[in-house]
Structures are given as structure tokens and as C-alpha cells.
Amino acid sequence: MTDHLGEANSWSVTRRDMLRAGVAASALSGPALGALAGSTGRDVPDFQATFADGTLQVMAVGAQAFRVRFVSGAVADGHVPPSQMLVRQKGRYHLVRRDMAGATRLELPAIHCEIPHDGSALRFLTPDGRLLLSEQAGTRHMAAHAVRGMPCQRVEQGFISPPEERLYGTGCFQDGHLNLRGLPRRLTQVNTQISLPFLLSSQGYGLLWHNDGMSELNPPDQTIPLQQKAQSGTSQLADVTTTQGNARVELREAVYTGRFSVAAAGRYAFLFDSGGKMTSRYHVEIDGRVLVDHANLWLPPTTSFIAELEPGEHDVRILAGAKDAPILRYGLAAPTTVWRSPVAQAIDYVVIAGPSARQIMEGYRALTGAAPMMPVWTFGYIHCRERFHSSQEILDTAREFRRRRLPVDVMVQDWQYWGAHGWNAMRFDEKNYPDPAGLCHELHGMDLRFMLSVWSKISRDTELGKQFAARGFFISGTDWIDFFNPLAAAFYAESQNRHLGALGIDAWWQDATEPENDDLLGRDTAAGPGERVRLAYPLQVSRTVYEGQRAAFPDRRVMILTRSAFPGQHRYGAATWSGDIGNDWETLRRQVPAGLNMAAAGYPYWTVDAGGFFRPGDGQYTDPAYHARFIRWFQYATFLPLQRVHGYMTNTEFWRYGEQVEAVARIYLDLRYRLLPYIYALAAQASHSGMPLLRPLVFDFPEDGQALDQTGSYMFGDALHVAPVLAPDVTEWPVYLPVWEGGWYDVWTGEHRAGGMTHRVPAPIEHIPLHARAGSILPLGPVVQSTAGALARDLDLLVFPGRDGVARLYEDDGLTYAYEQGGKAEVDLRWDESRHVLTIGARRGHFAGMRPQRQIRIKLVGAEAPPLDGNWSRVISYSGQPVSIALAHSSR
């Protein structure tokens, strides 16, 4: 790898490139795409017994996990069917079966499963006998059902949830909740909502609800009758995105009212359903008290909340769309976790033992596959807008970034570049994009990469769409490609690589892979009725693109940005974002728990449209209130797995907002690039062990009950605690720092703060509250304009004293898959608090282009000097041999 992409690679399109793309992709029509992703095969269960109401199957799926299935009737062949979520496990694990009085126990090294002889209420325990999880007796329900002639089952299973338990996960939701215990959620795939049926428990287990169709968590069964009293009289015209392009729609609200009664005081869980595929407002009042109030041009059809109610009658008032048909369901928030699926083949779930969240993620990775290393440029700044209109606009913008010395790595072309060729024709409009290959080449010459928006739907009246239609590759009644059909998937991969990949395009923005919005409902696919695989479509899209590119261009790492996800999709080089969100403070506040629950559900790469997708029109460029909001959005995005902005009908470049926005953005761009060695090591950690880059505090502080309930702060990797400012006009921000021996250090000032308490932390507009925990060793690089060659530069190490600590550096070539064959290098770092000695271990491994020697500057952080201001304690030359350095605080 060289510092200049234009020198390192030639991206002109040759006949060889075209043939290579076509031949390699056509090979995918064989076994690679011949079965659903990641199949575990037809494995034999370790326990099977038939009871009056069905057959129970239990099998070990790793050293720390069991898969449980309860099937209606007898199972003739005694096998467990394939899985889209799980990968086939290599080898068998040491399993002991013990027959005891009243029960059979299956014992793995990290988890035991206790099965009563009557088949009821399975229990899962640690090897020392501590209860991890138990089914709740009498909550296993199955009922025969059919969808357009396909037999299926309505299934439900409940689990006991103790009062002290916190539950996290299920993906990206816009309801603002982090702890999901007792909260209802309906898992559908729609714009701004990503459904991953996985829960992480503070009690030391993970629970994967193994069903590809729509599922419900804690569904309340009582319904409040509602009547539309009157339209509110207010309406507005709004510009929105649709599957046909930009559109202007009228939004008119109505008032709905109802009444219900409860017999006892307590916590009641509510699920609001707008009655449509999407909505634009959640507003629910009970007895005049507003329980939820959130608006956006696109919102998922359902949201949830919990309310404390007294016994007696209660009045409900709802503001919703005049065309909606809202439904409000409720029930007592019970001490159980209930999963329900209306279309399923069996009750099917996987329990993974920890006890730590880190160990649970390791087990989840073993079951669902490893996330590959993203290209190093993924972790630089990704610049988006809706939209560039020509190659010249893209190049002019790129040159202006470089002229202003604002770091950037990726330029993104959003939709409609296809012009008259038709929707997603996989062709550029020649009038505005005369030479797409030349565009890629020029960007590469500026050390920039190019990401292109590509959809999972192709208009049937395009040249390409006619070819798909002739082959029967569309989902019935739609323009969505049937990725469950291996031949359709192979043809899509071949088309994308031949028409676009061969141009030198670096990354794929696979938009609307829900498909938009929950459009498999009522459709038929190659896998059967869409209801059966309603959540799994985005996984198959990402799989198609990833496997297709790896076959066609094996020396390029795949980078996909997509709007939806499903368990196991991370193994296909796919990052996600939170969709077409608004820009207000409430929306920003809700993104923090949304992202943390993505991470808790085992998905390592997630981000947002910083600044909001739907923005306040032309006034945004001069409005100081929006500028402050935009700055806080961008500060938050700096400490996400991907740093990017986006905006509907907006030129999003920082300089368009004036000197202050550009100056503060520069601070965070520079800091993001300085953090590259740290972030890249976190990416390796995600790949190797399953640990997400973004972490709710349960990952690191499971014993600190106050930390477990923090919805507005998180860890970014092992070292950094981040508390985004989520309100206007503040100069300080309340930050709870978790209990931690040695305390915490303000990264801006070096001030030491104790853990286990809330601090009023200075938060001027230039600063996001940012702390490093004692014992952290934070690697930093220099300020650079792109990631090209950045991993090979000299290093700075910030040591935050107060307790012992460890860290690890990771490097590879950043661009290829050579690391899979051992082309990588790692260095362990260790801080000995008692001796005040930093040890830089021996370098392990080698890769092409590795720099054999580098200068390392080291600083022992203290209150006498801000951590980021230089003032180094020691400077050494490191050539891969272990070295120990005694450190003392420097003085000014």
C-alpha cells in the first residue's frame, strides 16, 4: 500500500476487468448461493423427546450455547433444519448427559441445560449451579396456522425475568428505551427501525429468538377502543423520499380518544400501532399526561412506553395522521420476557452463557460468524449529501475539502444518478457523469474513495429490469429482487460487478434493504410466503453483494452501508445506519439508545445521518440554533463506528454553515483521524472476538446498577467514556462516571474525576464530555488528510494512571484480505501502576508494506497538562523488540 491511491492502483476499466467480474459472479450460481446463508446443516439434536403437544429438541451449538426447538407433533427424521442466522459449527463440544430424579441435564463447559422429564420449563445454569435463565411454566404456546396455503404455527414462549435484570438489544428502534425489561416491541424491518431478535441480559446470558419472520417482544393483549373525534385542522406540506423518488405530501393530523380501566396500581406497558406501514407522529396522552411525543417525516408504525397507573378509569388522547388507524394495546408489565411469532415452524431459540457481556459476544460471534475487517478508509470521514448531481460537483467538493485541509476519505453519490436510464439501472446518466471510471480514478488520485447508492429494486422498464423480469427474478407484485432465489442473487451480483464494480467503485450504499417498508408482507418469494422470511431480506442482499465482490475482485475488501440488518449479516462486511431521521434534539437523544441496542444485539457497525436526514430547509445555513445542534450531532458521530453526515435536499459541507461550524468540525475531524490506531484496533477486536466498538455500560460495569440505567452515555471501545450533549444552550453537562478503581480523566483538560458519581462537566460548544478510565493506554496517530498510509506513521501513547492496564495495537495493509492468511501485526501494551512502567511488547506477525521501525511518543497523563497538547514524557524508537519505559509526570 502506498500513500497515494493513484500510484498504488490503476482503476481504468479493461476488458479483463469486465470478464473477470462477469465470470467470477456467474460462478456464484453454484453452491455458494445455492442455500440460505450460514446454514448449520441438518444437525442431530443431543436430546429429543415427544410429548402430547409436540417434540422437544435440544442441541449444543458451541461450548457455551444450546439451541432449543419445540415442534408441533412428532419429528420423523430427528434433525434440526438449516439456519440463515447461524454458521455451521466445526467439530463437537464435550457434552455430558446426566439423568437425574425428575430431569435430564445436558452439560457443556460453560452452560448446563436442565430438562424436566415432562418437558416443561427448561432451565439454564452455570456450571456452579447459578440460574441463568428459566422458561416460565405454562407459557409455551403453539397453534396451527397457514399463510397462503403454507402450514405454519403461531408460537410463544415466556421466560422468567428477575426484578434486578436489565435487558438490551433487539436492534435500532426509535422509542428511546435502552433497558427493554417488560417493554413491548414489534420487530419489523422499516425505515429507521432495524430488527435483530437478540437480547443481552445483565444476568449473564444472551437469548437469540431464532425466527426469520416478524416477532413480538412482550406483546400486550388488551386493546383500548379508539374513536377519531376530529381532524386537528392543521396540515403541512412536506418533501419526503419515496421508492419512486422525491415527493411532496400533505400531512394532516386527527385526534383519537378512548377510555380504559385497570384493576390494580402498577407499571403498565403500552404498544402504539399507527395502523399503517409508516407514520409521522407519536403523541399519546393518558389523563392529560403526555407519555410519548415524537415527530419525524418517517417513523416506524409502532412505538412503546411504560406508564405508572392507579386503579380505575383512564382517558386516552392521541394525535396521529388523519389517514392512520391507530391501535393502543396495553398490559401489566409482568416479570417475564415473552417472545411471540405469528408465522413460524417451531418455538426456536438459542441461549448463550457469559457470564460477562464480552464472553456472550464471543459466543455469539462463534454462532453467527466473524465480522470481516472493513477497509481502513471506512473509519475516516464519509461525506454524504442528498445529492450530488454530476461528476464535476463531486470532484469540486473533494478538491475543496483538500484545499481547506478538512480530512475526508469517502465521497458518496446518493440516488438518481441513473437519470433517464431508469430506477437503479446500474448505469450513470452520461450527460452528468460522462466518465464514471475516470471519476473514480481522479478521486483515488486525491486519496479518496467512492461509495455509490445501489438499490435492491430495479425498475421493470429499465433495460436491466427487463432482463430480471424475463428470468422471473422479482418478488411477486414488486420491483424488489428475490434474493432468496440463488439464481436471482447471482445475476444481481454479476450485474453489479460488471456494470459498476469494474469501474473502480469502492463501496456500496445498499439502500432500502428492508425492503422498504416491510414490503414482504403479503408477497411470495423463492423461500415461500414473505411472512416466513419477513426480517431476513437484508441479510440475503448483503450476502449477495459481499460474496459477489469477493469472487469478482478478491483483492478488494468489501464495504457495504445498508439501512437494515438481521443476525449474521455482520459477516458480510455490512454496516448500517439509523435511516431517514429528523434533526431535532429529541431525535438526537433517541439515537444514543438506538445505537447501543444495536451493539447489544451483536451488530458491530452502526452510525447515523449526523445533522439529521430531514433538515430545516435553506434556513439551516444561517440559523445559529441549527448550527449548535449540528455541532452536537457531529461530535456524537465522531465516537461512532462510522463518522458521516447526510442531509435531504442539502449541501452538507461544513463551510456552508459558517466559520464556527467549520472550526468545530475541524477539531473533530482531526481527532477522529488521530484516533485511527485506536479505532482500527477496536475493529480488529470486533472481528476477532465479537466485541462491538460502541458499548452500553453493561459491557464494562455490570455490577454498577446506576451505570446500567444510563441511556445517554456509553463506552467507545475499552478506554473512552462518551456523554454526548443532547440539549440546547448548555455550557456544562451532567455525566455519571461508573465505579472504577483509579477513577477517570477528562480527555480535554486532564482533570481527574471519581467514579460512582455524577459530575457537572464543562461542555462548551467545542467540547463533548469525554473521559478515559484509569489504566487506559490510548494510541493516537498524527493529524492527516486521509487514512491512506496513516497506519504506518509514528505513534503517540497516552497513559492514564491509577491502576494496571492493557491494550493492543493491530495493523494490516488496510485494503486486502491478506490478514486472513496471517498478514497482520499485533503489539501488546501493558501499564504497571505500582512500578509506573509501560511495557511495549514484541511485535507479532508481519504484512506487506509494514513499517519496521517507528517513533513512539509517550505521555503519562496528569492534571498539570491537557492530554492532547503534547508535552511528551518520553520519545523512543520502536523496531518490534519488547521495551519497558519508566514514566513520571511531566511538568510544564
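**Close-up views of the predicted model**

View 1

**View 2. Pairing of strand E51 with strand E52.** Strands of a sheet pair through backbone hydrogen bonds, in either a parallel or an antiparallel arrangement. Strand E51 (residues 854-860) pairs with E52 in the antiparallel sense, over five bridges. Ile 856 has Ile 876 in E52 as its bridge partner.

**View 3. Contact of helix H11 with helix H12.** Two packed helices are described by the angle between their axes and by the distance between the axes. Helix H11 spans residues 659-674 and helix H12 spans residues 676-689; their axes come within 5 Å and cross at roughly 55 degrees. H11 and H12 are therefore oblique to each other. On the H11 side the contact involves Arg 672, Tyr 673 and Arg 674, which meet Leu 676, Pro 677 and Ile 679 in H12. By class, the residues of this contact are four nonpolar, no polar and two charged.

View 4. Ala 263 lies in the loop between strand E18 (245-262) and strand E19 (266-273). The relative accessible area of Ala 263 is 81%, above the 50% cut-off, so this residue counts as exposed. Leaving aside residues up to four places away in sequence, Ala 263 touches Tyr 268 and Pro 311. Arg 181 is 82 residues from Ala 263 along the chain, and the C-alpha atoms of the two are separated by 22 Å.

**View 5. The whole protein, for orientation of the close-ups.** The secondary structure of the protein comprises 13 helices and 53 strands. The radius of gyration is 27 Å, close to the 29 Å that the globule rule gives for 892 residues, so the protein is as compact as a globular protein of that length. Taken along the principal axes, the box filled by the C-alpha atoms is roughly 75 × 70 × 60 Å. Of the 892 residues, 64% count as buried. Among contacts with a separation of 6 or more, 71% are between residues 24 or more positions apart.

Terms used. Residues numbered from 1 in each chain as written. Predicted model: local features only at pLDDT ≥ 70, side-chain atom pairs only at ≥ 80, totals over all residues. Heavy atoms only, no water. Axes fitted to C-alpha atoms, helices over the stretch in contact; angles between N-to-C directions. Helix = DSSP H or I, 4+ residues; strand = E, 2+ residues; numbered from the N terminus. Parallel < 35°, antiparallel > 145°, perpendicular 65-115°, else oblique. Contact = heavy atoms within 4.5 Å. Nonpolar A, V, L, I, M, F, W, Y, C, P; charged D, E, K, R; others polar. Pairing = 2+ DSSP bridges. Rg over C-alpha atoms; globule rule 2.2 N^0.38 Å. Buried < 20%, exposed > 50% of the residue type's maximum accessible area, 1.4 Å probe, protein only.
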